[in-house]
Amino acid sequence: MSQKIINLTCLLVIQEVKDILATYPETPYQEAFAQAELFNQLINQVLSRIPDQSYTILYESEKLPKNPRRFYASIEERMMVEELIHQTIIALLETQRKKTLHSPASEDNCSANAAMTSNKKLYRWFGY
């Protein structure tokens, strides 16, 4: 009979992230984290900050727990995980925003806008 090692904390974090994101506005939060890469970053960053993670061994005939919240040791632990998720959501979106502002495409757009503004001034000077 084959066995799998399951990270129960990971199951818990994924469920909490989905539930918490559902409470945020669609734009920009839900849209941003609908991207698999950003969603996975969120899960990884939260998991990396949780010190004591729980694991279990499941045999092929067993199923994953339906409600991973029962693995919380206390309400304080749940609140800590929720706070970590909120902090990480904000931090990742801020990082994404900064990347977007400093991307070559946005710099090209800024250059193009500056050139257009300059051309408009030039045309006005010639009476157009």
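Reader: Let's start with E16: is E16 buried or exposed?

Author: Keep in mind that this is a predicted model. To read burial, look at the relative accessible area: under 20% counts as buried. E16 has a relative accessible area of 2%, so E16 is buried. You'll find E16 in helix α1, which covers residues 8-21.

Reader: And which residues does E16 touch, leaving out residues up to four places away in sequence?

Author: For that, look for heavy atoms within 4.5 Å. Here E16 touches R69, Y72, R78, E82 and I85. With R69 there's also a polar contact, 2.8 Å between the two side chains.

Reader: Okay, helices next. At what angle do α3 and α4 pack?

Author: Helix α3 (residues 36-48) and helix α4 (residues 75-101) pack at about 135°, and their axes are 10 Å apart. The two are therefore oblique to each other. Their crossing is right-handed.

Reader: Which residues make that contact?

Author: From α3 it's L38, Q41, L42, Q45 and V46, and from α4 it's L84, I85, T88, I89, L92 and Q96. Sort them by class and you get seven nonpolar, four polar and no charged residues.

Reader: One last thing: is the peptide bond from T27 to P28 cis or trans?

Author: Omega is the angle to check. For the bond from T27 to P28, omega is near 0°, and the bond is cis. P28 itself lies in helix α2, residues 26-33.

Key:
Residues are numbered from 1 along each chain as its sequence is written. This is a predicted model: local features need pLDDT of at least 70, side-chain atom pairs count only at pLDDT 80 or more; totals for chains, interfaces and linings use all residues. Side-chain values use heavy atoms; hydrogens and water are left out. Helices (H or I, at least four residues) and strands (E, at least two) are DSSP runs, numbered from the N terminus. Buried means under 20% relative accessible area, exposed over 50%, partly exposed in between (1.4 Å probe, protein chains only). A polar contact is a pair of N or O atoms within 3.5 Å; within protein, one must be able to donate a hydrogen and the other to accept it, and residues adjacent in sequence count only if both atoms are side-chain atoms. Axes are lines fitted to C-alpha atoms, for helices over the stretch in contact, and angles run from 0 to 180 degrees between N-to-C directions. Angles under 35 degrees count as roughly parallel, over 145 as roughly antiparallel, 65 to 115 as roughly perpendicular and the rest as oblique. A crossing is left-handed if the near helix is turned anticlockwise from the far one by less than a right angle, and right-handed if clockwise. Ala, Val, Leu, Ile, Met, Phe, Trp, Tyr, Cys and Pro count as nonpolar, Asp, Glu, Lys and Arg as charged, and the others, Gly among them, as polar.
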